[in-house]
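My notebook is open and the viewer is loaded. Time to jot down what I look up.

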Amino acid sequence: MQLVFDGHNDVLLRLWHNDKKGQDPVQEFIGGTSQGHIDARRAKAGGLAGGFCAIYIPSGDLILQEPDANGHYVTPLAAPLQRQPSLDIAMEKMAIAYRLERAGGWKICRSTADIRKAIYDNIFAAVLHMEGCEAIDEDLDALEVFYAAGLRSLGPVWSRHNAFGHGVPFAYPMSPDTAPGLTDAGFELVKRCNELGILIDLAHITEKGFWDVAKTSDQPLIASHSNAHALTGVARNLTDRQMDAIKESRGLAGLNYAVTMLRPDARDDADTPLSDMVRHIDYMVERMGIDCVALGSDFDGATVPAEIADAAGNQNLVAALKAAGYSEEELAKMCRENWLRVLAQAWHEPT
């Protein structure tokens, strides 16, 4: 079994929703559930040793559009969010993360040594990630507090605009060059993340925003859960030019398991073959090299192929990649070692 450290999941969103309904998020994660994609039992069964756990503020007004007769769709961007309610939700999700750690459900990791130790100890290695920075003020005071509480990764935007930049819509076919990039506050956010050692994720930002970060940041360029635009032309996927920049920075892109970002027709259909996942991996490896490709499942945040189904099915992808000719060394890089390399650099760890 190739243990996987995964670039993105939304398990905290599911646990938070169920907590609001009166359910116990700690019991749900540790004891297991039939809901969603990730709990401790299914993670262990599928070799999911850890990953980036997103603190994401949901947009109540977002309704994914159905494809037209040509299979095309454009979902309007969700409206910007107010800061105070966003901060409240972010704090509630952080509290769930800490309750899980106290109960032994996972380990909140602040270094690659923490990640490796958690994997060795057979406990889920959770890295706290903020997906869209609506909870952070433009003066960045809250960023200091979140960092002290364990935040080690953030995406300036989700697929909506905020004080720091502009996001891309869920649309097909569409270029990622849909709106402006970083705001003045966004440039300051990137600089402060560089100083603190917080990884910057470009998965939902516009193409202009991607280049704004590229010219400002001293980190490897990271798109934690994005695929190849040349194969599936959704706005969320990476162009060849973006992948070239990721390669030049020795960054990485994590394969998103979302079927809408894998299928040639971009439809939300779980009957999507593993060959579509391998096709995107092959393309990204050919374009960027094996050291710049990883996994970023989007578990609990998207429809994934039925042959994967949930975290317990992760090794089905590993087997498909092995059958496609990838060696155990190459699989180890894609499954976890590439992530640990870029994290060590973003987090200012000694070489």
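Predicted model: local features only at pLDDT ≥ 70, side-chain atom pairs only at ≥ 80, totals over all residues.

I began with contacts (heavy atoms within 4.5 Å): among those in the protein between residues at least 6 apart in sequence, 72% join residues at least 24 apart.

Residues are numbered from 1 along each chain as its sequence is written, and side-chain values use heavy atoms, with hydrogens and water left out.

Next I looked up the secondary structure and got 12 helices and 11 strands; these are DSSP runs, with helices being H or I of at least four residues and strands E of at least two, numbered from the N terminus.

Then I checked burial (buried is under 20% relative accessible area, exposed over 50%, partly exposed in between, with a 1.4 Å probe and protein chains only). Buried residues make up 59% of the 351 residues.

On to the backbone. Most residues other than glycine have a negative phi, and most peptide bonds are trans. I looked for exceptions.

Ala 266 has a positive phi of about 60° without being a glycine. I found Ala 266 in the loop between strand 10 and helix 10 (274-288), and it counts as buried because its relative accessibility is 0%.

Arg 250 also isn't a glycine, and its phi is positive, near 60°. Arg 250 sits in the loop between helix 9 (240-248) and strand 10 (252-255). At 42% relative accessibility, Arg 250 counts as partly exposed.

Last, I found a cis peptide bond joining Tyr 172 and Pro 173, with omega about -15°. Pro 173 is in the loop between strand 7 (170-172) and helix 7 (184-196).
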